[in-house]
Amino acid sequence: MTAIDLPETTRDSRREVTDEALLRQIAAGNDVAMQELVRRYQGPLYRFLTRFLGSSDDAEQAVLNVFVRVWQNAGRFEFRSQVSTWLYRIAFNIARDMHAARKARPQQESLPEEYALCDPLVGNAEDEAMRRIERAEQYRQLQEALGQLNEMDRLLLVLYYFEDSSYEEMQNISGLSYKVLKTRLSRARQRLRALLGQES
Amino acid sequence: MNCREFEREIADYVAGRLNPVDANRMLAHADACASCRTLEQEERALRQRFAGAPEVTLSTDLWAKLAPQLQERPVRRARWLWRWSWPLPSRMVLAPVASLAV
């Protein structure tokens, strides 16, 4: 691996380098640029993939896979879309494959840490514990219902409700036209409501 | 506004994504239509469910796990760079040869 310094490598100036400039450096084998891209996107991609896959363990592996693919294919990126859009498209493709593979091996969903029930409880401990259990149950139902939808429906709902993505971003990541996107999102919402209605 | 339009825009309305004029049209329609008011309540409940999801934060920096996996990268140049890195005469000479090979 070739390590070529970025033009400016102080912590602050590195942040001013655009994603596109970073990707050009990555295509040339610059691992410093790769490290900076990872720093910028590991959090958002992890969040997106946790929501999409419903599992934080799988999400971490998926994020690693995304960055490996970026490292291997940076030279093929043609700069027709934003780098962030490209990353999310890769993430979606990887998550779709992982989700398909997971269907063959049912597993225990891992809850995000905030819902862990072993934290020390303050104040009215019993009420707080009940609220946590209730919220955890609602989240479990939501993830279970999302997991029953097809990948495109799930992608659109995750982007719309969790990521608060704009329609333009959603179009770029999903590859759908605005009109089709609006229709599919509306139908996905109806399906999700129906599934949640069955569960509760 | 009719019920069909209301249904199409309800999520954006509840999310606060509509402009004030369209939002007021939605409000006026919901005032006059009981079934659309129900739809609005359902959408608010759905949104509440998503909002109640726990924060997701990555507790570790993934670079330490990732860096060893990047060592095996094949050396690849950007496609355009590869395409134009040969001198023009070489490309002119080799193009017919390449087509014969196919």
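**Where the two chains meet**

Modeller: In α7(A), the residues L157(A), Y160(A), Y161(A) and F162(A) meet E43(B), L46(B), R47(B) and F50(B) of α3(B). By class, this contact of α7(A) with α3(B) holds six nonpolar and two charged residues, and no polar ones. The model is a predicted one.

Two packed helices are described by the angle between their axes and the distance between the axes. For α7(A) and α3(B), the angle is about 85 degrees and the axes are 10 Å apart. Angles of 65 to 115 degrees count as roughly perpendicular, so α7(A) is roughly perpendicular to α3(B).

Now the interface as a whole. On the side of chain B, 34 residues are in contact with 50 residues of chain A. The size of an interface is often given as the accessible area lost when the parts come together. Chain B and chain A bury about 4000 Å² between them, and 56% of that is on carbon and sulfur atoms.

Polar contacts and salt bridges also occur across the interface. Between chain B and chain A, 17 residue pairs are in polar contact, counting pairs with both residues at pLDDT 80 or more. Five salt bridges are found across the interface of chain B and chain A. In one salt bridge, the side chain of K182(A) meets that of E9(B), at 3.4 Å from N to O.

Which helices of chain B each supply at least two residues of the side that touches chain A? They are α1 (3-15), α3 (34-51) and α4 (63-66) of chain B. The most comes from α3(B), with seven residues. Sorted by class, the residues of the side of chain B that touches chain A are 14 nonpolar, five polar and 15 charged.

Within chain B, α3(B) also packs with helix α2 (residues 20-32), at an angle of about 120 degrees and with the axes 6 Å apart. The two helices α2(B) and α3(B) are therefore oblique to each other. From α2(B), the contact is made by H29(B), A30(B), D31(B) and A32(B), and from α3(B) by A34(B), C36(B), R37(B) and E40(B). This contact of α2(B) with α3(B) has four nonpolar, one polar and three charged residues.

Back in chain A, R47(A) forms a salt bridge with E163(A), with the closest N and O atoms 2.9 Å apart. Since R47(A) lies in helix α3 (residues 31-53) of chain A and E163(A) in the loop between α7 (151-162) and α8 (167-174) of chain A, the pair ties together parts that are 116 residues apart in sequence.

Conventions
Residues numbered from 1 in each chain as written. Chains lettered and ligands numbered in written order. Predicted model: local features only at pLDDT ≥ 70, side-chain atom pairs only at ≥ 80, totals over all residues. Heavy atoms only, no water. Contact = heavy atoms within 4.5 Å. Buried area = accessible area lost by both parts, 1.4 Å probe. Salt bridge = Lys/Arg side-chain N within 4 Å of Asp/Glu carboxyl O. Polar contact = N/O pair within 3.5 Å; in protein donor to acceptor, adjacent residues only side chain to side chain. Helix = DSSP H or I, 4+ residues; strand = E, 2+ residues; numbered from the N terminus. Nonpolar A, V, L, I, M, F, W, Y, C, P; charged D, E, K, R; others polar. Axes fitted to C-alpha atoms, helices over the stretch in contact; angles between N-to-C directions. Parallel < 35°, antiparallel > 145°, perpendicular 65-115°, else oblique.
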